[in-house]
Amino acid sequence: MVWPILASAGARDAPCRDVSDLAIRLRGVVKRFGPITAVDGLDLDLPAGTCVGLLGPNGAGKSTTMRMLTAQAIADEGSIEVLGLTLPSDSKVARAECGVVPQLDNLDITLTVEQNLRVFARLYRVPRGERSAAIDRAIGIANLGDRRDTKVDQLSGGMRRRLLIARALVHRPRLLLLDEPTVGLDPQVRQELWALIDNLRSEGVSILMSTHYIEEAQRLADTVVIMSHGQKVAEGPPAALVAEHAGSEAVEVYGPPARLAEVEAAAIERGQRTRRTGTSVSILGLNGGEVPDGERRPANLEDVFVLLTGEEVA
Amino acid sequence: MAAEAVSTGAPRRRRLGRLERSAIEGVLAREIINFSSFWRATTFSSIVQPAIYLIAFGFGFGSLVSTVGGLDYVQFVGTGTVATAVLFSSAFPAMFGTFVKYKFQRTYDAILAAPVDTEELVTAESLWIAARAGVFGTMPLLVAIVFGLDPSWGMLIVPFIGFLAGFGWAAFGILTAAVLRSIDDFSYVTSTVLTPLFLVAGTFFPLSGLPGWVHYASNANPLFHTVELVHHAAFGFKIVDLGHMAFLVGFGIVMWRLAIRYMARRLVD
């Protein structure tokens, strides 16, 4: 039996395609749902072997973008290329080389860890002779060796998430699409998954990750794309984005609401940027200007995020 | 754009076709592995249910009516309930199973992220349910043999009849799940479509006693064609069976294509 996809996978080390060393290339992509424009003219590049983080509040169009990359949503306008293949026409070939970790757990809960991986090894056309080894490898990645025959509904949330990631890796994809990979998990589990994802990137897997956890983007992404209302509002390495939009340092002033409003107004008058941080006001973009007394701290990606996507989430 | 024009150095990847065997096998493998966890319950009910029908109707009615159209009542019901068993083991699992898989478990989201298209997904699911209907649809016949039905060579074709009818009903169930918004709405379909078709199929009483228009309308009922085919498989084929067969093939094809179309609409934004 011929396995066209795997045959092509063998050629993956061949020096190749010029257009791209881009694993993902989006140009002018628009996706509407009735009156709502979920993605509004998005351009996006994912250089092969890097990790791009799509950062944005809920409803910014991150998940819709992810679904368009597997042709589970079809763009109304614009062009999409994944691994050099044009979507949606060649989506199936592209999907064979992508691993997808969805935001919502869709494991088969009545099946065991191993059975879940076996099903996906088949769906992703891992050749018969390599299936067992691929499953063992995936179980190793998920660190679920002692849970091999445990049914999914008996696993903890963190284990299920690890299995979900392992399932996406069973066929050794070149591109990994992670939609909110650590949503709803304990900090410990989250860090464990970060280590796993970082490790994959160091092995050369291209990764597109959507998240609304700023720390996640800051730690894992080579490039962060900030989205708001379906559009890209900023793009760059996390540190560069911070330097560009928030400067190097912020002063955080605490006080009662009336005092905060005063501080805010004065700063704006001086041409500085501010953001509310719950119980305080942060003054950004100091540029050596005058500032009231407060707690000095380095500016961070969260400052950029709030400055660019607004204080209130629609 | 010039760069794209010279991108011929790209590794040649065969464009994958429609209805690929490996995609269908992958979806079937998932179903088979799942089935291994609940086949006992399904098999049990597939045997007990026709046995109850035979006891209740066969001996209940059978004591009032000894023969129907020249057949013993047990023979008449034992063969007729094959169609019922096919319906119950295909339309219902397809309706509920599909709804659960795409809405609650989001299984279809995971499958469509893999190199599988909606067409392959729906085809594989229908084939799998049809295969089950072929096996479980034959159970009433086996039970009826225990109750005194004489085996005949023609009966060997009954699993195939069950498969054929089951394929159409499976696709019908998938179509229903794709069209309806809520699992509660299934009862509209059950009460207005399936129950009437089920009762007026010539399973429990012959249609000859009913008004002419019912007889005429029953030609649009796949269950009627299934019942006729099974009766004739057991007691001798007639030329009209080609027509019954053709109807079931047409029913299967129409439902299959409709199920694909509506499921794609539901699964792909």
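Modeller: A:Leu55 stands opposite A:Thr211 in strand 8 of chain A. Strand 3 (residues 51–55) and strand 8 (residues 206–211) of chain A pair in the parallel sense over 5 bridges. Pairing here requires at least two bridges found by DSSP. Helices (H or I, at least four residues) and strands (E, at least two) are DSSP runs, numbered from the N terminus.

This is a predicted model; local features need pLDDT of at least 70, side-chain atom pairs count only at pLDDT 80 or more, and totals for chains, interfaces and linings use all residues. Residues are numbered from 1 along each chain as its sequence is written, while chains are lettered from A and ligands numbered from 1 in the order in which they are written.

Now the whole sheet. In chain A, 6 strands form an open sheet with mixed pairing, in the order 6-7-8-3-9-10. Strand 6 (98–101) and strand 10 (231–236) of chain A are the edge strands, each pairing on one side only. Neighbouring strands of this sheet are turned by 15° against each other on average, direction ignored. Axes are lines fitted to C-alpha atoms, for helices over the stretch in contact, and angles run from 0 to 180 degrees between N-to-C directions.

Next, the helices on this sheet. Helix 2 (residues 62–69) of chain A packs on the sheet and touches strand 3, strand 7 (175–179), strand 8 and strand 9 (223–228) of chain A. The direction of helix 2 makes about 150° with that of strand 7 of chain A. Contact means that C-beta atoms, placed from the backbone, lie within 7 Å. Helix 9 (residues 238–246) of chain A also packs on the sheet, touching strand 9 and strand 10 of chain A. Its direction makes about 105° with that of strand 10 of chain A.

Then a helix pair. The axes of helix 4 (residues 113–123) and helix 5 (residues 128–142) of chain A come within 10 Å and cross at roughly 125°. That makes helix 4 of chain A oblique to helix 5 of chain A. Angles under 35 degrees count as roughly parallel, over 145 as roughly antiparallel, 65 to 115 as roughly perpendicular and the rest as oblique. Residues in the contact include A:Leu117 and A:Ala121 of helix 4 of chain A, and A:Ala134 and A:Ile135 of helix 5 of chain A.

How values were computed:
Contact = placed C-beta atoms within 7 Å.
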